[in-house]
Amino acid sequence: MLTAETIIQSLASGLLMGLLYGLIAVGLALIFGLMDVVNFAHGEFLMIAMYATFFLFGFFALDPLLSAPLVAAALFVFGAVVYLLIVRFAVRAKANAGMVQIFSTFGLAIVMRGLAQFFFTPDYRSVTHSWLGGKTVSVAGIFLPQPQLMGAAVAIAAFGGLYFFINRTDFGRALEATREDAGAVALVGIDKNRVFALGWGLGAALVGLAGAIMAMFFYIYPDVGASFALISYVTVALGGFGSVFGAFAGGILVGLVEAVTALVLPPSLKSVGIYAVYLLVVFIRPRGLFGSM
Amino acid sequence: MDQNFAKRRRRELLTAAMLVAAAAVVPLLVKDAYYQNIMVLTLMYAALSQSWNILSGYCGQISLGHALYFGLGAYTTALLFTKFGVLPWFGMLGGGVISAVMAMALGYPCFRLRGHYFVIATIVIAETALLLVQNWDWAGAALGITIPMHGDNWLTFQFPRSKLPYFYFALVLAAVAWFVTWWLEDSKWGFWWRAVKDNPEAAESLGVVVFNSKMGAAAVSAFFVAVGGGFYAQFVSYIDPESVMGFQFSLKMALAAVLGGIGTLWGPLLGAAILIPISELTSSHIGGSGRGVDLIVYGSLIVLISLARPQGLVSLFSRKKAPAR
Amino acid sequence: MTISRRDVLLGGAAAAALAPIASRAEASEVVIGIIYPFSGASAQQGVDARKAYETALDVINGDHDFELPLAKGEGLPGLGGAKIRLVFADHQGDPQKGRGETERLITQDKVCAVIGTYHSAVAVTVSQVCERYQVPFLSADNSSPSLHRRGLKFYFRPAAHDEMFSAAMFDFFDAMKKKGTKIETLALFHEDTIFGTDSGNAQAKLAGERGYKIAADIKYRNNSPSLSAEVQQLKAANADVLMPSSYTTDGILLVKTMAELGYKPNAIVAQDAGFSEKALYDAVGDKLEGVISRGSFSLDLAAKRPMVGKINALFKERSGKDLNDLTSREFMGLIVMADAINRAKSTDGDKIREALVLTDIPGEQTIMPWKRVKFDEMGQNNDADPVLLQYVGGKFVTIFPPQAAIADAIWPMK
């Protein structure tokens, strides 16, 4: 039943979802670019952001659109604290630094799920009424849900802002410099730890934005991050670790491939398309689409 | 130096023999099925982790997709037995061989990848396999495979109540995996792997065939993990895709090695001996509350150990640095 | 096959292990194991189940004036007023964990019976272990039809399975068609787990037998980040009835995505699971006016049988929720098991099993719309008549079968 309308609708949905994947993943790419660390608790950061949105809605009737900056700010603090309390020590490890950072962040992910279950109970929650939730725009028979449209807009804005930030601000330059050579920046008086903590904060704040958007149309429970974790890693790796633009492109590609795969294969296999494209890309370009060699 | 080294090697072998002998007595003293079950799992994970350590520890190619080989072993054994009546002993061997071949076939393109690109490729390949099996009707798809049980029988390796045969099989498997590691550590392969791990470019210039040595490590590693998978299928007597190919297996075997000491001879064993009982006991004794406390305890332990002991817990035991070679 | 000396030795060891575990608690306390997911993706169902069992425990151990086995008077009269104690174990949705935990319940906590498990895949291994230790297993809320067909002697299921549930749906379609409603094409939407696969298979088979056309048969990955592509295909198929077999998470996402993509089916007839969960209606109830779900339980029964309302109140006190399809089955699970132990006058596995085989509880003495509780030779209760419920005005109304219905179906849904 492949009509033109079905195909266009699928591509449109895929594109919107893809931009959202990019927004979820960009924080991961940023942190990796800064210090070669993959945060295996990234999905749980998203979960915390969704809960934060949910509780702001529940207690203060704050619409996710309004709470998004608050959630991003809260996640900023959270990310910086996680760096200072855990990651700082993980990267300092003299032996097996790679494994230590994988497993310390992974352990953190398990703790976060446990804490979420302890404090928030395992009940499934959702933000029931929001300005955009459930609303949709229809153009010539193609339906574009407003929360996802907003997500796409936020994603594009976030990528634009991030580009400007990294290339045009002092702090952005400090980030870049620290990334290039952490030893040298110490000489010019930049505190490496401070830069890294701010980098983690920024990465977490971005996933906080994504969480606030997601809360408008997704369910929330302690394990919700798991659904997005692998897809975020693949998105970032596909675009090329360390490349913020790569995460953007990777997200769009993942969204489109997922949509197209579901048209030709049974939907239960739609992730296979994403995985196949990832493998194909890295077999040809071992550093992803836009990774530096 | 050389003599010291030979002496240390002999001492390692002796220690292992004594550990096996001591372990063999334990289930005769601890007769409770629940504790025996934990012991079997601990030994099985020790074997899995030891095999994982060959590729990821010694050779430095970090795989978080070994559940693929575990599942292949389990499915080969279970399918051959239930569909064709092939005894599980042959199934486990067959699964091992298939996995070794598969590991080399996948290694061919994957070993060009470095760092996180390689890690994610291993995860993605294992997930793909999981999805394919989940949609493969002949192999039971999501319904899985129930292995019918008809009383105690060594031929079909089935024992409805007794855990002892499983215990001894797992003990032998762990011992063999350890012994193979011990043996390879001092062979030219072990030398190559360490060279490849430390500096692939330099290894290449020293005449180490980097690619081939990675392929060798992958094959050995996958073989033993698959035998472990076949064992697991017999032990649980029911398998479904999630319960033998899920990410948690890849993770647990890696975690045991990391906690104990990655790339070391004793690390995986030590790691499994600590990790598996803790994870089983916490989920049994505090998991029933439904409040996630077991997750908090388990996760905190992982964070603390990996931060406090980056070399792994095995470093607590080494009084002096291993002699340089 | 020749028997070696080693075989004999091991056989001996096994026989020793097979001897009944003697030291089970006598009289004053009867210990029953309850095994559920208390952590992981399905923890919520486990936590709710715990509340249901604790409610049933209260009814049995306390003195209540209900026409329910064991409600009146305290404890089990058949065992000198012994009280029941429950031991909860977490299987995390993992068949291996379920197996290990069941062994622990049996060998360490000396439970005389086991009840579980929510996940059908875990019920497979739990029931195997119980069979080996000759401890009765009561499958309270597993709906996979393959479970009771494995020749197990210690397996009992008082509630319906997916083939019975699906048959009720098709009986309903047939009845609607007779009244002139147009029902020709069906769209199946099921997850790729044991539950979804069994349900999808049962529905596809029934559709074939009764002459309905399947316009779309979509198997999806559970807990997917997005269901746009799937909904797109459902929309394109535009069948007369959409039949989802989904848990809460995917159910919520399905309904939201349908609204976003402008797909409004004529009717939804759901295979329970997520569609009987409060969380789903809290999230998207406004879009589900008129949805139909199969179920084992209906609060409407409270009008005919006042104790249903009272028991619901007891449960609500603990959980803040009304009894639903799952929790009601869990509640009944403990009642049925306790009734058998009481009649067995023993905590011995074989004696309890014999008592379970002889179980015959009339439907009026349950909180369910069942005819009665009586097990066939495979341990299945074939008289556990399912009902179809329609979500109207914020609550469920029984619409089928006619003898239980209190209203006609609203078709198409709003």
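Predicted model: local features only at pLDDT ≥ 70, side-chain atom pairs only at ≥ 80, totals over all residues.
# Briefing on chains A, B and C

In helix α7 (residues 188-198) of chain B, the residues B:Gly190, B:Trp192, B:Trp193, B:Ala195 and B:Val196 are buried.

**Contact between chains A and B**

- On the chain A side, 39 residues are in contact with 31 residues of chain B.
- Four helices of chain A, α3 (64-92), α4 (97-120), α9 (226-239) and α11 (270-284), are the elements that give two or more residues to the side that touches chain B, and the largest share of that side, 14 residues, comes from α4(A).
- By class, the side of chain A that touches chain B has 29 nonpolar, seven polar and three charged residues.

**Contact between chains B and C**

- This contact takes 34 residues from chain B and 38 residues from chain C.
- The residues on the side of chain B that touches chain C divide into 13 nonpolar, 15 polar and six charged.

**Overall build of chain C**

- Chain C has 13 helices and 14 strands, and its radius of gyration of 22 Å is close to the 22 Å that the globule rule gives for 414 residues, so chain C is as compact as a globular protein of that length.
- The C-alpha trace of chain C spans about 65 × 60 × 35 Å along its principal axes, and 62% of the 414 residues of the chain count as buried.
- Among the contacts in chain C with a separation of 6 or more, 66% are accounted for by residues 24 or more positions apart.

**Domains of chain C**

- The domain assignment of chain C gives domain 1 as residues 5-160 + 303-373 and domain 2 as residues 163-295 + 387-400, and the centres of the two domains, taken over C-alpha atoms, are separated by 30 Å.
- Where these domains meet, 13 residues of domain 1 of chain C are in contact with 14 residues of domain 2 of chain C, and the elements that give two or more residues to the domain 1 side are α4 and α12 (325-344) of chain C.
- That side of domain 1 of chain C has six nonpolar, five polar and two charged residues.

**Strand pairing**

- In chain C, an open sheet of five strands has the order β2-β1-β3-β4-β5, with parallel pairing; β2 (83-90) and β5 (155-156) of chain C stand at the edges with a single partner strand each, so one side of each is left without a neighbour in the sheet.
- Within chain C, strand β1 (residues 29-36) and strand β3 (residues 113-116) pair in the parallel sense over four bridges, and C:Gly33 has C:Val114 in β3(C) as its bridge partner.
- In chain A, strand β1 (residues 136-139) and strand β2 (residues 142-145) run antiparallel and are joined by four bridges, with A:Thr136 standing opposite A:Pro145 in β2(A).
- The hairpin of β1(A) and β2(A) has two residues between the strands, and A:Ala140 takes a positive phi near 50° there.

- Most residues other than glycine have a negative phi, and most peptide bonds are trans.
- B:Ala141, which is not a glycine, has a positive phi of about 45° and lies in the loop between α5 (115-134) and β1 (145-146) of chain B; B:Ala141 counts as buried because it has 20 C-beta neighbours inside 10 Å.
- C:Gln92 also has a positive phi, near 55°, and lies in the loop between β2 and α3 (95-107) of chain C, where C:Gln92 is buried, with 24 other C-beta atoms within 10 Å.
- A cis peptide bond with omega of about -10° joins C:Gly116 and C:Thr117, and C:Thr117 is found in the loop between β3 and α4 (120-133) of chain C.
- The peptide bond from C:Trp411 to C:Pro412 is cis as well, with omega near -5°, and C:Pro412 has its place in the segment after β14 (395-400) of chain C.

Methods:
Residues numbered from 1 in each chain as written. Chains lettered and ligands numbered in written order. Buried ≥ 20, exposed ≤ 12 C-beta atoms within 10 Å, placed from the backbone. Contact = placed C-beta atoms within 7 Å. Nonpolar A, V, L, I, M, F, W, Y, C, P; charged D, E, K, R; others polar. Pairing = 2+ DSSP bridges. Rg over C-alpha atoms; globule rule 2.2 N^0.38 Å. Domains from an automatic or database assignment.
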